[in-house]
Amino acid sequence: MTERIKVAVAGHRGRVGSVLVAAFQSEPNIDFVGGIGRGDDLAAFLHEKRPQALVDFTRPSEAVHNALAGVAAGASPVIGTTGLSASDIDKLETACQAKRLGGIVAPNFAVGAVLMMHLADIAAPHFDAVEIIEMHHAAKLDAPSGTALSTARRVAARRKGKSFEYRKSEKETLPGTRGGEEGGVAVHSVRLPGFVADQEVIFGLPGQTLTIAHRTTSREAYVPGVLLAIRKVTSEPRFYRGLDQLLGLSVD
Ligand code: NAP
């Protein structure tokens, strides 16, 4: 039988954290050792529980602090919290390397969303125009989503100097109807109760369209990606930036 991996969750009472805890508790190879919330004594927790992986779905400033303390105590960071700066991620990688620990920072742990972006990367050189529609729950604070912005930048970068054609209407009778624009890609944001996190990337050429759509029906969408990451980073001292790196996805 494979050895059970000791896992802790920072942000265990949050929207994503609580779903992960429920999943870990029924996962045979995971030994969920506890959660860390606001105001808890992290150092004492790490000393007592000795997790091998510290999963973090909190806030950017907290995530870096938690992960550095975790690494110092021998726990590989598995960070889903979004909004970490590039220098913070560099700092975490250096800390992991110094302790010969694996780690990951991934802004999207939904395997389907990562594949949606990968497939959009493949399609981008073959179409002259593309628009993105992202649909999220009504409580989302920012627009567009980080995933939509990142998809727009990635597909634009795949054009190798030839930009996408963004058609602005001659006359917008309702301002903003044509969406925001990033790298020649129109981005539209929908905020409604009932959605979790959906996105459609629609490519167009005369006489045809190609739609790549990803739908999240619940926050369980993040569980398989997080489990995969825990297994990887606790078995090898490698630091990953994004789930696509861990899945070995590359278009070049
Ligand atoms: P949430 O429901 O607001 O949960 C955040 C949790 O962090 C709360 O339980 C909060 O505790 C806790 N927290 C705040 N400060 C803390 C601290 N100092 N130490 C420990 N815990 C602390 O947010 P969410 O929707 O779960 O999202 C959390 C993060 O994950 C966000 O950055 C979000 O963008 C990101 N996210 C990433 C992915 C991905 O695939 N990578 C997917 C969805 C969301 P209290 O309950 O005490 O307030």
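**Ligand contacts and backbone geometry**

Thank you, colleagues. I begin at the ligand, where one of its oxygen atoms lies 3.0 Å from an N or O atom in the side chain of R59; a polar contact here is a pair of N or O atoms within 3.5 Å. The model is a predicted one, in which local features need pLDDT of at least 70 and side-chain atom pairs count only at pLDDT 80 or more, while totals for chains, interfaces and linings use all residues. Residues are numbered from 1 along each chain as its sequence is written, and side-chain values use heavy atoms, with hydrogens and water left out.

R38 also reaches the ligand: an N or O atom of the R38 side chain is 2.6 Å from a ligand oxygen. The protein buries 80% of the 920 Å² that the ligand exposes when taken alone (Shrake-Rupley areas, 1.4 Å probe).

Which residues of the shell come nearest to the ligand? They are R15, R38, E62, T82 and F109, out of 20 residues around the ligand (a heavy atom within 4 Å). By type, the shell holds seven nonpolar, eight polar and five charged residues; Gly counts as polar in this scheme.

I turn next to the helices. Helix α5, residues 111-123, and helix α6, residues 146-157, have axes that come within 9 Å and cross at roughly 25 degrees. Helices are DSSP runs of H or I with at least four residues, and strands are runs of E with at least two; axes are lines fitted to C-alpha atoms, with angles from 0 to 180 degrees. The crossing angle therefore makes α5 roughly parallel to α6 (under 35 degrees). Their crossing is right-handed, the near helix being turned clockwise from the far one by less than a right angle.

Two backbone details remain. The peptide bond joining A143 and P144 is cis, with omega about 0 degrees, and P144 sits in the loop between β6 (129-136) and α6. R50, a residue other than glycine, has a positive phi near 50 degrees; its place is the loop between α2 (42-49) and β3 (53-56).

How values were computed. A polar contact is a pair of N or O atoms within 3.5 Å; within protein, one must be able to donate a hydrogen and the other to accept it, and residues adjacent in sequence count only if both atoms are side-chain atoms. Angles under 35 degrees count as roughly parallel, over 145 as roughly antiparallel, 65 to 115 as roughly perpendicular and the rest as oblique.
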